[in-house]
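Hello,

The structure is pasted below.

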Amino acid sequence: MIITIDGVAASGKSTVASGVARALGVPYISSGLLYRAVTLCGLEEALAGGDLRVLERLEAQPPRLEPRAEGNQVWRGERDITPDLHATRIDAGVSAYAALPEVRAWVDDQLRGLPRPFVAEGRDMGTNVFPQAGAKFYLTASPRVRAERRSSERPDELDAIEAALIERDARDAAQSAPAADALVIDTGELSAQEVIDLIVREVEG
Ligand code: CDP
């Protein structure tokens, strides 16, 4: 069984996906980390944002997603690139790569090849990648709430974080619509644990 948790930037998808995965005893997979890994490669190869040649540059050593319930890691060969994937420069550059159909197809192939069951989190897990998922959720919250949550993970000022989130939502809009059969959860007034409990209750029915 596959469970999908999609949502806008910094809506708490990873924390919630990890909690749900732990409660169910399965791994979760973070699709965003693969888009971030593509972006890191583009930056390190000094390509312009959204340059499709990034896929050729990745070929020699494609990023490998290692899903676990506690957290995901991304490897390129022997190098654990995970700590480099949450920088502000990756946040700023990722949407340009995620807009490329060829990049999306590459990420989708990686995800579909992973052993099931799992909880999948991202933007289009319930719509495009795993439309057959057994249960689908979509997380939202106001930009201010999301910026406040993310400010503990980034060195930038709150207003700058909020502006960047709003801009990234707009750039990601094409792949971010909730699935028609997803339960939409506004997490603004809820703790992460409350969202996790709500989803687990829904799944266990
Ligand atoms: O945690 P946050 O929502 O800030 O980011 P993420 O889930 O790691 O996603 C990073 C970026 O990857 C997004 O801004 C999208 O551009 C892209 N993405 C996507 O297009 N489709 C997905 N399924 C997941 C991420």
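Helices (H or I, at least four residues) and strands (E, at least two) are DSSP runs, numbered from the N terminus. This is a predicted model: local features need pLDDT of at least 70, side-chain atom pairs count only at pLDDT 80 or more, and totals for chains, interfaces and linings use all residues. Residues are numbered from 1 along each chain as its sequence is written, and side-chain values use heavy atoms, with hydrogens and water left out.

Ligand site

There are 19 residues around the ligand, and Lys13, Arg150, Arg168, Asp172 and Gln175 come nearest (near: a heavy atom within 4 Å). The shell holds eight charged residues, six nonpolar and five polar (charged: Asp, Glu, Lys and Arg; nonpolar: Ala, Val, Leu, Ile, Met, Phe, Trp, Tyr, Cys and Pro; polar: the others, Gly among them). Helix H2 (31–44) and helix H4 (88–98) each give at least two residues to this shell; the largest share, four residues, is from H2.

An N or O atom in the side chain of Asp172 is 2.5 Å from an oxygen atom of the ligand. For Arg168 the corresponding distance is 2.7 Å, and a polar side-chain atom of Arg104 lies 2.8 Å from a ligand oxygen (polar contact: a pair of N or O atoms within 3.5 Å). The protein buries 97% of the 530 Å² that the ligand exposes when taken alone (Shrake-Rupley method, 1.4 Å probe).

Sheet

Three strands form an open, antiparallel sheet in the order E3-E4-E5 (strands pair if DSSP finds at least two bridges between them). E3 (64–66) and E5 (79–80) are at the edges with a single partner strand each, so one side of each has no neighbour in the sheet. Two bridges join E4 (residues 73–76) to E5, and Trp75 stands opposite Asp80 in E5.

Regards

Note on methods: Polar contact = N/O pair within 3.5 Å; in protein donor to acceptor, adjacent residues only side chain to side chain.
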